[in-house]
Amino acid sequence: MANILKTHQSDWKYVSEGGATIVLSYIGPSRIPFDGKVLRLRKSKRQHPEVVDQLRDSRLDEAPDDPTIDFQSKCMARLIPPEHLPDLETVLLDDHWLEQLALLQDPHRPQSRREEDGIDFTRKKGVLATDLIGGNELSVEIKPKWGFLPQPAHLSLDTGPIKLRTCRFCMHNNLRAQRGQSLPMKYCPLDLFSGDINRVSKAISNLWDSWSKSESTINNLKIFARGKLLHPSQVNEMLSDPGDTSGSLDHIKSAFTSALLCCLMQTPVLQILSKLQRTLDVLDIEGLSSLWRRTLSSHPSLASESAPAIPLGVSSPFLSSPEPNIIDWETFIDSFLSPFSSGLDHLQPKAENIRYYLLAYLLSATVKDCSIIVRTDLLQLGKTSSKRKNTDSVTVIDLDPKKMDKLNKWEKLDAEIVNAYHNNGGSKICIDAWRG
Ligand SMILES: [Zn+2]
């Protein structure tokens, strides 16, 4: 385990913070394993010293590892080659080191944040992770979303024709745009996942247009240059020479598209994600729900007409503690990667395998919701990007486990999205290039 206490507090530079964590990047003397890493620390509200002492005692039996680290190393690393995952490592902390760090770093934090909270000195552990946005490079974060059309077997006569024509993202975007929650987007994930150079290029171009029009508020594309999140008014900062004002916006967009296209056509990551999504979500939520109801009705205490309907994924006599722990997840991955899984007949799923299908669906949701970070050189106008980097620099992030108590909500949302799309007369044709 890396001994962070041997680094000086001034070796760390404040990068950013969210509601729960603060991120610092390593800028100290070149040293393995800290080079190219960020430190993620938990924050806490400003508290009375007595409360802090109690918390400190309660941390003595803190879980051995951050759940995200455990889930990534024990599950996702078996499905996605580790070279495409960020390194995540637990580091041990102590309160004295953290207090000194806070003294040095607090002046760099926004005033509004400093009044609210600070680094949690009572924590014994932090996370050391690959720094994916720092350095003299361009980092592009894409949230691709659902990369497949469902299999028809378990769709109803009403939803089938709609779901087999228009992909889930395009339908959902239509609903969100109607409600004023999003801009209408031309981006279709099936283009991005297609492996066809013209379609991938179109997907990048459409993402850029929405990023630009929405003033970078869409969450499917984020662009960082030299570690800084960019706004569309700062496109020149994507250039290796930010002072070069000779290029029009179109020039920069075209250089961006060609750089990203080069990385995305060479990486296996998109194919891996799309294949995982479709092999984990084999029944569609409709098929999963009908299997759930069939399983309920096969249980003696629930078979009668008067038995209350138990919503999808909710605790029931045959599923007493639905939320999977890390052991459940590991067991599931064993099954998923074994001949058991390839021997299942998804056209006629069996009630006894309900737990397998529930966990598979949850894991597909993780993969539908993750993001990728593409790292490439800063742009040079007038040069086409055909240079292949030595290392494939596409990394999958945000692979957190999803909870069973979401399934019921997702089932309702699915129906709502398809109904709204139908009622709105939507008829976009999305082509799934990998449809088997
Ligand atoms: Zn689509």
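A residue counts as buried when its relative accessible area is under 20%. Keep that cut-off in mind, and remember as you click around that this is a predicted model.

**Stop 1: a buried aspartate and its partner**

Select Asp-284. Its relative accessibility is 7%, so Asp-284 counts as buried. What do the side chains of Asp-284 and Lys-163 form where they meet? They form a salt bridge, at 2.7 Å from N to O. Asp-284 belongs to helix H11 (residues 284-297) and Lys-163 to helix H5, so this pair ties together parts that are 121 residues apart in sequence. As a general point, side chains of opposite charge can pair when their charged atoms come close.

**Stop 2: the zinc ion**

Next, select the zinc ion. Which residues are its protein donors? Show Cys-167, Cys-170, Cys-188 and Cys-430: each gives its SG atom, and these lie 2.3 to 2.4 Å from the zinc ion. The angles that the four donor atoms subtend are 104 to 115 degrees, which makes the arrangement tetrahedral. Along the chain, the donors follow the spacing C-x2-C-x17-C-x241-C. Look at where two of them sit: Cys-167 is in the loop between helix H5 (160-163) and helix H6 (168-178), while Cys-430 is in the segment after helix H15 (407-423), so this pair ties together parts that are 263 residues apart in sequence. Cys-167 is buried at 1% relative accessibility, and Cys-430 is buried at 4%.

**Stop 3**

Move on to Lys-222 and Glu-141, whose side chains meet in a salt bridge with an N to O distance of 4.0 Å. Lys-222 is in strand S8 (residues 221-225) and Glu-141 is in strand S7 (residues 138-142), so you are looking at a link between distant parts of the chain, 81 residues apart. Are these two residues buried or partly exposed? Lys-222 is partly exposed, at 31% relative accessibility, whereas Glu-141 is buried, at 13%.

**Stop 4: a partly exposed pair**

Now pick Glu-237 and Lys-228. They form a salt bridge, with the closest N and O atoms 3.1 Å apart. Glu-237 is partly exposed at 27% relative accessibility, and Lys-228 is partly exposed at 37%.

**Stop 5: a network**

To finish, select Glu-17, Lys-43, Asp-106, Arg-109 and Asp-117 together; a network of salt bridges links them. How many salt bridges does a search of the whole structure find? It finds 26.

Notes. Residues numbered from 1 in each chain as written. Predicted model: local features only at pLDDT ≥ 70, side-chain atom pairs only at ≥ 80, totals over all residues. Heavy atoms only, no water. Donors = N, O, S within 2.8 Å, 3.2 Å for Na, K, Ca; no water. Tetrahedral: all angles 85-135°; square planar, octahedral: opposite > 155°, others 65-115°. Helix = DSSP H or I, 4+ residues; strand = E, 2+ residues; numbered from the N terminus. Buried < 20%, exposed > 50% of the residue type's maximum accessible area, 1.4 Å probe, protein only.
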